[in-house]
Amino acid sequence: MKFALLSLLLPVFGSSSKASNDNALPTLNVHIVPHTHDDVGWLKTVDQYFYGANNTIQHANVQMILSTLIPALEYDPSRKFTYVEQAFFTRWWNEQNDKMQSRVKKLVKNGQLAFVNGGWCMHDEAATHFMGMIDQTTLGHTFLQETFDYQPTVGWQIDPFGHSATQASLLSADAGFDALYFGRIDYQDLNLRREERRVEGLWRASANQQEQSQVFWGLTGSYGGNYGPPSGFCFDANMCSDQPMMDDPSLEDYNVPEQVANFVSASWDQANEARGTHIMMTMGSDFQYENSEAWFRNLDSVIKNVNEYAKKGLIEADPNARFGDIKVFYSNPEQYTRAKHKDNGDLKWEVKTDDFFPYSDCEQCFWTGYFTSRAELKKWERVGSSFLQTARQFEALDSQTGAKAGSTFDSPNHKLDAAVGVVQHHDGVSGTAKQHVAFDYAKRIDVGFKAAASYVSDVLKRVMASNGNVAPLEFSVCQDLNVSTCGVSQSVDFSQDELVVGVYNSLSHTRSEVVKVPLQEQAAYVVSTKDGEVESTLVANTDLMSDDAAPYTLFFNAEGVHAMGTKFFKIAKCEQKILEDVAAPKAATSRKLRGMGLSLSSGIKVDAGDYEVEFDDSGVLKSIAGLPVAQSWGYYTSFDADRSDVLASPQEVGDYLAWTPGVPGTCLPGYLDMEGDESRWLRDSEGQNSGAYIFRPTLKNEPLSVLKPNAKVTSVTQTDLVTEVHAEFGDWVKQTTRIVKDADYVEIEWTVGPVPTDDGIGKEVITRFDSDIQSGETFFTDSNGREFLERQLNYRPTWDMEVFQPIAGNYYPVNAAIYVEDDEHSLTVLNDRTQGGASLKPGQVELMVQRRLVNDDSRGVGEPLDETTGGVTPYPPYGEAERVGDGVIIKGTHRIVVGKGRQGARKARKNMEQMFSPLVPLFASKAASDDDESIHGFSALGGEELPEQISLITLTKVAAEPGTFMIRLAHQYGKGEDEKLSEPASVDLAKMMPFGINVKKFAETTLTGNQLRSDWDAKKLQWNGIEQGVTQTGRDFDDGTKITLMPMEIRTFKIVTDSTVGWTVEKK
């Protein structure tokens, strides 16, 4: 039926004029790019995808794709193939014998097998932090460099659901990419670009780096919003039903004339939407080429016959009269990019400066829900990524372990590195995989975290021994401190033992913060260092999420923890201390409390020193530093097409054959169906449900369903070090607002869940802050934790947007911070994981913290986003995929910072870094009688303190090169964000290295360290833009070992020293 209908639209061979090979018109060059897109987990786990297991869910076997690919390429040297995901390729590679590995190396060397992106996965661009993006890309690039001496030159983000400025600048231009290709952009933007022939151009995404950060970008999938082949030319043996090339003239079904005509027509159509004389046809899709020869056999025939027909003048003429001939050949994205660059002399490309968020594929279909989906996995990914930096620093300065490692993959931290790398995948941290896959992601991080934590503990033990400390202690890292659980600290017998806490600071500046230690017993404790007692207080916990949670938390001030160093604190019971000092929650109306100026005469007021925080008598935030800031909790109900009562005018589901791109009431494809064709079966736009990907409230202007605070349970805990205001909202939201001594922020620790769905209605849970700031319709969100981008309500910089979803369509990914500001005040909210956020009214900030839904959104995952404590039963045919247990409970943190006018970004910067890299406490118990006078702290960095705006974000050991390190230095401020800290700053590499060891030589590399920066600068392609930018980098001001960084610049160096070091020298 479908093919019969489509055939009516095809040109009839021989019915119109033929191309005449007119030399006055150029030849259209059609680049055939065979490729596969192999999700590193989605409907199945990464292991199941690799081995072809669990095919009742989805047929996919990556192992066989790669195994059948090699002989298919060897069969004909003109054939080419493009591969991406190194998490799969390395696994396959390690299973091959020497002979097969030699065959593969030959194919790579002669250009038949090409790698694009080259990362461990194809990472998401909305839910990822820039450190995770860098690390997973570096891991894949390192394998390609070590194995093939190969450096990818093209970015290939064909499947992520929107595209970030950080991807374009940092992860493309700085990573050694000449171009970046992707499939998905907003359907309104897409339709306009196709009409105006703007499907490729220059992306100058960094307002700070300007032209230095630009990259050529283009759309894949014949510009249809995806990355598959043109209709009728999907030849996968398992996943496609298009007619093969039946090219034997003796056959009854000989179809070469029709297929040539169809292909040429598709080529003319695609070329008419692009500029220049080259187009790229992506031949492949998800998990295709399991039988590689089937694909190549058909592509061989297409190429051969189209070229022969063209040579004989038998093809249809270009109806747009732009081309006089056509040439088809195998290619890859790198070859295509070089070809487009040859057109560069005659063309000037449009310059884009914003990003491609948010993404929608139809009127009611904004993919903004996944900014928040699976909130706990998003937090766990961030924890793993942060701790990876700590573990790498320990390894870099460990003189014993890893010094002789022959490969990066021999690192004791590789399990965590690989696990965090896998979860960066665009169906991983995005929260859009099936439930059992999400569990698998979390398990991988857990295994990697425990291995890395064990290694860090072992290094710390050896460091203490080598520094002449007491008998080495067995330190442990507690993974569950956020839920007040730590086996070591809770099991100490303080009648005879003491607790030692080694507080590690992974940042490159000395810092002071309050540390929390879970304790089991109410008692008087004293916290001390070798220099004396430090300020501390014991607080009773009010929100115990499990039976294992400690009933008390000890807060102490970890002051002056040196850069990349550890400071040790001893906790002991002190019988002389009176128990009245132990702080317990007080009813909010009980009495006027002493200490930090807290009063209850009219609500709750806390004098924090430099500012005052005010609450109402329900514990709800009212003002900070004199600025009215009213907090609320609530939810939007999720759209459900099956609930006719929520539809103003219920509509029938559209005919699945009536799909037309850009036509009102229909959807662009969310993915390819099992036949490799663009999905026609999606519901029409009006019937679009809210799901794992898509956020759609029941009503487009739905007011927030506000959860009322419960004044009866409001309580206050007050000490000189911290004051906590405890509040509850409805039956399933609790929060503790914490004001910490000398902190410039107010911390809100919230607990949400189980989100009720007994009423059959999904809920999108929101926390909102309303202020008097006159921000108009403008707000700012970060891009993957780096530069801030200006957002405006109901506005897109590159097209006149027609508004269909005024709430969901104004949500953006918030990876680290969102703020509003005017000339008088600024309000910044920082988060501990990626969330969707918006400012729907002047002065307002809202963040979506959790989602629990009852419907699927028809974008492929095939199940509602309904996380429960017991998970899910097996999938059909082995079970019914039923949810087990109650809805999950999640816990998280926001920091609220109020500043003067136009200080939103400035107030965010320091807190962004600290929230990504919190102090890491390590715990050990020891006998109270042991001598501890020699427990010294230590620091990795020697010499001069780094400038305040410069951070050492990466310190890692280079495998097989003792004494050699890779470091990354980052300027942490953008232009105009701070009067002083936004200025360029310089660092002397010779004086910043650990313990002041001698730097023999150094060289700057690209972001991932796979080639010298000077080599890349010499060979990278230069493009002509309609608008010229400013090209200036820190390299223009370098002087010997003293290097300079411009605002928001990250620079990577390989440094060779004369020593294999260990943390055994400097004691602080």
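Predicted model: local features only at pLDDT ≥ 70, side-chain atom pairs only at ≥ 80, totals over all residues.
Local features need pLDDT of at least 70 and side-chain atom pairs count only at pLDDT 80 or more, while totals for chains, interfaces and linings use all residues. Residues are numbered from 1 along each chain as its sequence is written, and side-chain values use heavy atoms, without hydrogens and water.

**Helix 9 and helix 10**

- The axes of helix 9 (residues 256–271) and helix 10 (residues 292–311) come within 10 Å and cross at roughly 85°.
- Helices (H or I, at least four residues) and strands (E, at least two) are DSSP runs, numbered from the N terminus.
- Axes are lines fitted to C-alpha atoms, for helices over the stretch in contact, and angles run from 0 to 180 degrees between N-to-C directions.
- Helix 9 and helix 10 are therefore roughly perpendicular (65 to 115 degrees).
- Helix 9 makes the contact (heavy atoms within 4.5 Å) through V256, P257, V260, F263 and V264, and helix 10 through V302, N305, V306 and Y309.
- Eight of these contact residues are nonpolar, one is polar and none is charged.

**Cavities**

- The whole structure holds ten cavities of 30 Å³ or more.
- A cavity is a set of points on a 1 Å grid over the protein atoms alone where a 1.4 Å probe fits but cannot get out.
- A volume is the space filled by probe spheres set on the points.
- The largest cavity has about 240 Å³ of space.
- It is lined by 18 residues (an atom within 4 Å of a point), with F130, E913, F916, I953 and Q972 closest to its centre.
- Helix 16 gives the largest share of this lining, four residues.
- The lining of the largest cavity has seven nonpolar, eight polar and three charged residues.

Note on methods. Parallel < 35°, antiparallel > 145°, perpendicular 65-115°, else oblique. Nonpolar A, V, L, I, M, F, W, Y, C, P; charged D, E, K, R; others polar. 1 Å grid on protein atoms, 1.4 Å probe; cavity = no way out; pocket = protein on both sides within 12 Å on 5 of 7 lines; lining within 4 Å.
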